[in-house]
Amino acid sequence: MCVLLAGCYTTAGSACEYRDHNITIDFGHTPVVDSACSGVIAAIKFFEDAGYDDRFTVNITVADEVFTYMKNQTTGADIPIQIFGRYNGETNQIDMSAFGTEYMNTRTAWNTVADDPNSGMEITEEIWTSVITHETSHALATAVYNRLNPVMVSNGYYISNGASEFIAYMIQLSTTREKLRNEIIESFDNPEGFTSIWSLNPIVHYTHPHRFGVQSYNTNNSMEWFHNALHGKIQTDLPNI
């Protein structure tokens, strides 16, 4: 545990310490990226500054390859799709593709064309670390939501996927260095933020994830929506539309 009153952070192998939070970053055999710990802490500090004093548990595994799976509509077979990172709310586990791998070097981040994985910015260590912040924000939002809404959770009403993405992108950009953040926003021609909570649904997000992220940050009342989502007041997943 850190002894400085203002908090501190270190990375040594897979160690990451900040106040009394339980943080594990397992790099396995991949190269250690020291800034990963600061990416986690950036998300925690955002929640702390917003008034949430939970003792968070964050588990991250960094691997050469991370996949998600989609069903083939004809055969029903699982189709593997390589991805940057993901958060599994059922296991409270974050899986991240390692920085500097062939996959990372052959795609970009903040893609301005939804179906073109090379229409954005080079994945630098700074951008890679911001994705750590993004995925950590999913984990923290889930933890706070589950604590605040036990009855809803017991009845199968978990934090809305769209609302969770809104929170994760908003925090990712809020904690990004100002010059880089402005470059990201301008690359999308500074789109208008969302004006209706019903925009926070999986279809809008899936249609253009990174534009969804910029619009999340540009939303005028983003902090109000942030708190409302955590308190179970935003349920916009498809079954509820």
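**Exercise 1. The cysteine pair**

Decide whether C16 and C37 are buried or exposed in this predicted model, then describe the bond between them.

*Solution.* 
Step 1: Start with accessibility. Residues under 20% relative accessible area count as buried, and C16 and C37 both belong to that class.
Step 2: Look at the sulfur atoms. C16 and C37 are joined by a disulfide with an S to S distance of 2.0 Å. A disulfide is a covalent bond between two cysteine sulfurs.
Step 3: Work out the handedness. The torsion about the S-S bond of C16 and C37 is about 80°, so this disulfide is right-handed.
Step 4: C16 sits in strand β2 and C37 in helix α1, so the bond ties together parts that are 21 residues apart in sequence.

**Exercise 2. Salt bridges**

Find how many salt bridges the whole structure has, and examine the pairs R19 with E48, D95 with R86, and E126 with R177.

*Solution.* 
Step 1: Side chains of opposite charge can pair when their charged atoms come close.
Step 2: Count. Searching the whole structure gives 6 salt bridges, including the pairs treated below.
Step 3: Take R19 and E48, whose side chains form a salt bridge at 3.1 Å, N to O. R19 is in the loop between β2 (15-16) and β3 (22-26), while E48 is in helix α1 (residues 35-49), so the pair links parts that are 29 residues apart in sequence. R19 is partly exposed at 32% relative accessible area, and E48 is partly exposed at 22%.
Step 4: Turn to D95 and R86. The closest N and O atoms of this salt bridge are 3.2 Å apart. D95 is buried, with a relative accessible area of 16%, whereas R86 is partly exposed at 33%.
Step 5: Finish with E126 and R177, where the closest N and O atoms of the salt bridge are 2.8 Å apart. E126 lies in helix α3 (residues 125-148) and R177 in the loop between α5 (161-174) and α6 (178-187), so this contact ties together parts that are 51 residues apart in sequence. Both ends are partly exposed: E126 has 32% relative accessibility and R177 has a relative accessible area of 44%.

**Exercise 3. Helix α5**

Compare the span of α5 with its expected value, and work out how far the helix is enclosed by the rest of the structure.

*Solution.* 
Step 1: Get the span. The 14 residues of α5 reach 20 Å from first C-alpha to last, close to the 20 Å expected at 1.5 Å a residue.
Step 2: Judge the burial. In α5, 12 of the 14 residues are buried, so the helix is largely enclosed by the rest of the structure.
Step 3: Name some of them. Among the buried residues of α5 are F166, I167, Y169, M170 and L173, and also E165 and Q172.
Step 4: Identify the cover. The elements over the buried residues of α5 include α1, α3, α6, α7, α8 (209-218) and α9 (222-230).

**Exercise 4. A surface patch**

Which residues form a nonpolar patch on the surface, and where does Y206 lie?

*Solution.* 
Step 1: List the members. M70, I79, I81 and Y206 make up the patch, and together they have about 390 Å² of accessible area.
Step 2: Locate Y206, which belongs to helix α7 (residues 202-207).
Step 3: Classify Y206. The cut-off for exposed is over 50% relative accessible area, and Y206 is exposed at 63%.

Definitions and conventions
Residues numbered from 1 in each chain as written. Predicted model: local features only at pLDDT ≥ 70, side-chain atom pairs only at ≥ 80, totals over all residues. Heavy atoms only, no water. Patch = residues over 30% accessible without salt bridge, like charges linked within 9 Å, V, L, I, M, F, W, Y side chains within 5 Å. Areas by Shrake-Rupley, 256 points an atom, 1.4 Å probe, with all protein chains shown as cover. Salt bridge = Lys/Arg side-chain N within 4 Å of Asp/Glu carboxyl O. Helix = DSSP H or I, 4+ residues; strand = E, 2+ residues; numbered from the N terminus. Buried < 20%, exposed > 50% of the residue type's maximum accessible area, 1.4 Å probe, protein only. Expected span 1.5 Å × (residues − 1). Contact = heavy atoms within 4.5 Å. Disulfide = S-S within 2.5 Å.
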